Amino acid sequence: MSDDLPVFEVTTAAAAAAARRLTTAAKVRALIGSPAGDDTKIETLIDGVSGECASQCGLARPANMASVPTFGQEVVKATWLKACRSRGTMLILPWRVAITPGQVVEDGVNLTVNVDYRLVGGGMLERISGDTPVRWSGGKIVVPYTAGWVLPDGVPAELDRQVIEQVKMA
């Protein structure tokens, strides 16, 4: 494996199917004018559409493939193994939405956010010294982070509407 690509793990997966759904059966029923009732079929369709959205968006898959990609909130970890050379100033985290980094460790040293590194757009971590970008070392780098939205409430309205439309068509 290239030392530029991290090993990606899901350490705490989104627990249940409901934690992976991009919308609710109630919202779908409201759109199609269906009365309340057994939501099993609608939820199965939502599960399929939610999974397809994650797949089409290219969300990072864990190295062990133990869980499927989701927009739902999970605790994950990216590990860059020891390399023969230093890296650039940016590390790109495996793609998931809404990233909140935990304790970043570089070559056994705990780093401080906005002192030693900063999170920049697109899930990238920039190594800094003062206000100046510097290269990440060739040592092992471990970045635990929380990624994803609390579903279904955290989903942007545009995506929610599109998921409902896909479920309606199904």
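Me: Which residues does Ala13 touch, not counting residues up to four places away in sequence?

Reply: Ala13 touches Arg20 and Glu74 when residues up to four places away in sequence are not counted, where contact means heavy atoms within 4.5 Å. This is a predicted model, in which local features need pLDDT of at least 70 and side-chain atom pairs count only at pLDDT 80 or more, whereas totals for chains, interfaces and linings use all residues. Residues are numbered from 1 along each chain as its sequence is written, and side-chain values use heavy atoms, with hydrogens and water left out.

Me: Why is Ala13 called partly exposed?

Reply: Buried means under 20% relative accessible area and exposed means over 50%, with partly exposed in between (1.4 Å probe, protein chains only). Ala13 has a relative accessible area of 37%, so Ala13 is partly exposed. Its place is in the loop between E1 and H1, helices being DSSP runs of H or I with at least four residues and strands runs of E with at least two, numbered from the N terminus.

Me: What makes Arg21 a buried residue, and which side chain does Arg21 join in a polar contact?

Reply: Arg21, in the loop between strand E1 (7–12) and H1, has a relative accessible area of 14%, and is therefore buried. A polar contact is a pair of N or O atoms within 3.5 Å; within protein, one must be able to donate a hydrogen and the other to accept it, and residues adjacent in sequence count only if both atoms are side-chain atoms. The side chains of Arg21 and Asp47 are joined by such a contact, at 2.6 Å.

Me: Why does Arg87 count as buried, and which backbone oxygen atoms does the side chain of Arg87 reach?

Reply: Arg87 has a relative accessibility of 2%, so Arg87 counts as buried. The side chain of Arg87 reaches the backbone oxygen of Ser137 at 2.8 Å and that of Gly139 at 2.9 Å.

Me: Which residues of H3 are buried, and why are they said to be on the same side?

Reply: Asp160, Val163, Ile164 and Val167 are buried in H3. They cover an arc of only 100° around the axis, which puts them on the same side of H3; the arc is that of the directions from the helix axis to the C-beta atoms. The buried residues of H3 pack against helix H1 (25–32) and helix H2 (40–56), while the face turned away from the buried side carries the exposed residues Glu158 and Met169.

Me: What makes the aromatic pair of Phe71 and Trp149 stacked?

Reply: A search of the whole structure finds one aromatic pair. Phe71 and Trp149 form this pair, with 5.4 Å centre to centre and 15° between the planes. Rings of Phe, Tyr and Trp (its six-membered ring) pair if their centres lie within 6.5 Å, and planes under 30 degrees apart count as stacked, over 60 as edge-to-face and the rest as tilted. The pair is therefore stacked.
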